[in-house]
Structure formats: C-alpha cells, structure tokens
Amino acid sequence: MLKHYEKLLRIFPFSRLARQPSTFKVIAVDYNEPAVLEVPLPAPVQLDQVMSAAKDFAHADSCYRLETWWDLWQFETEWKLTPSRVALCCFGPAFQHENDGDLGIDFGIDANFLPRPDVQGSARIVQSNIKSLLKLVHDGDDGLPVETRRLWTESGEDFSEKLHQALSTLA
C-alpha cells in the first residue's frame, strides 16, 4: 500500500510557486478521529521525510494524507498561474471512508476546472487546468496498478456531466 503511495507522490507535479508549507497527516480509524501525526513541511516537500513518517504509522486502519499544492490557472483580476490546494491520500484497508480505493486525490474546488461564463476566454485557460488533471491521471495509470477511477465532487454531482454542461453553454 505505501509503495503505491510513494509512486503517486513521486509522479505528482508539486507546485514550483508555492511558498506555503504542506502538511502531512496520519489519521487512524476514520476522518472523525483527530490526526495521530500532523507535520508541517516547508516547500519543496521532501518525499523521503513523508514516507519515513508514514512507515512509522503503518497500520491497516490508517489514512496518510499529504495536503500540498500544485500550480493551476486561476482568475482574480487577471489569469495567473497560482498554487492550488490538493490532498494526496492513501487509505489502509481497515480505514473507514466513503470510497473503496486505496489511493485518492482531492483536487480542491471544481471551479478550478470549469469555465466562467462571466470571464471572456475562460474556457481556453481552464482547458490547461483540465489537461494538468488528465496528465496526472494518465501518469498514474502508467505507474500504478489502477483498477478503477472515479471523478466526483463534494456535491455528489457527476463532474464530467457538469463540465460538459458548462462547456456547451459557452459554445
């Protein structure tokens, strides 16, 4: 389990722009429990430090969660490549969570991947963010034994349908 997590961390495109620290957490049993370990990590993240801490808490009921950054285009007053929060997770087989998978990536708010009708040219710019997401997914497919993939949002909506609807309204 942890060797696959390490592979995921090694293929992940960590932000080159982030100055904020990342956080590595180990959570036991389920997300309702407090973290048994929480370590701030300055940029750039040292993966050997993350894996060493994870191995110290290698239990079937643990979740390993690295909250870090990757670079996405975001609009404030203009488009800028900006660090965006992401969480890379590894779930032990006895850890209680809503997905059945061993690995998970929380890409943050879906607005980073949806065009904004109020901003001209947003579909073209957001396409770059979608390409970054798809590249990571394909790199994961190439480097890990992926059986299933699931793309979902916190609202429970089908994100691919939501994206299709957003793009069709701009056409």
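Predicted model: local features only at pLDDT ≥ 70, side-chain atom pairs only at ≥ 80, totals over all residues.
Entry 1: Residues are numbered from 1 along each chain as its sequence is written, and side-chain values use heavy atoms, leaving out hydrogens and water.

I then checked the strands themselves: β3 (residues 62-75) and β4 (residues 79-91) run antiparallel and are joined by 13 bridges. Strands here are DSSP runs of E with at least two residues, helices are runs of H or I with at least four, and numbering goes from the N terminus. Two strands pair if DSSP finds at least two bridges between them. A hairpin of three residues links β3 to β4.

Entry 2: I followed β4 to β5 (residues 103-106), and found four bridges in an antiparallel pairing. C90 stands opposite L103 in β5.

**Entry 3: the whole sheet.** I noted an open sheet of five strands, ordered β2-β1-β3-β4-β5, with antiparallel pairing. Which strands stand at the edges? They are β2 (35-41) and β5, each with a single partner strand, so one side of each has no neighbour in the sheet. Neighbouring strands are turned by 20° against each other on average, direction ignored.

**Entry 4: helices on the sheet.** I found α2 packed on the sheet, touching β1 (22-28), β2 and β3, with its direction at about 170° to that of β2. Helix α3 (residues 122-143) also packs on the sheet; α3 touches β3, β4 and β5, and its direction makes about 150° with that of β3. Contact means heavy atoms within 4.5 Å. Axes are lines fitted to C-alpha atoms, for helices over the stretch in contact, and angles run from 0 to 180 degrees between N-to-C directions.

**Entry 5: α1 against α2.** I looked at helix α1 (residues 2-11) and helix α2 (residues 47-56): their axes come within 11 Å and cross at roughly 160°. That makes α1 roughly antiparallel to α2 (the cut-off is over 145 degrees). The contact is made by L2, Y5, E6, L9 and R10 of α1, and by L47, D48, V50, M51, A54 and K55 of α2.

Definitions and conventions. Parallel < 35°, antiparallel > 145°, perpendicular 65-115°, else oblique.
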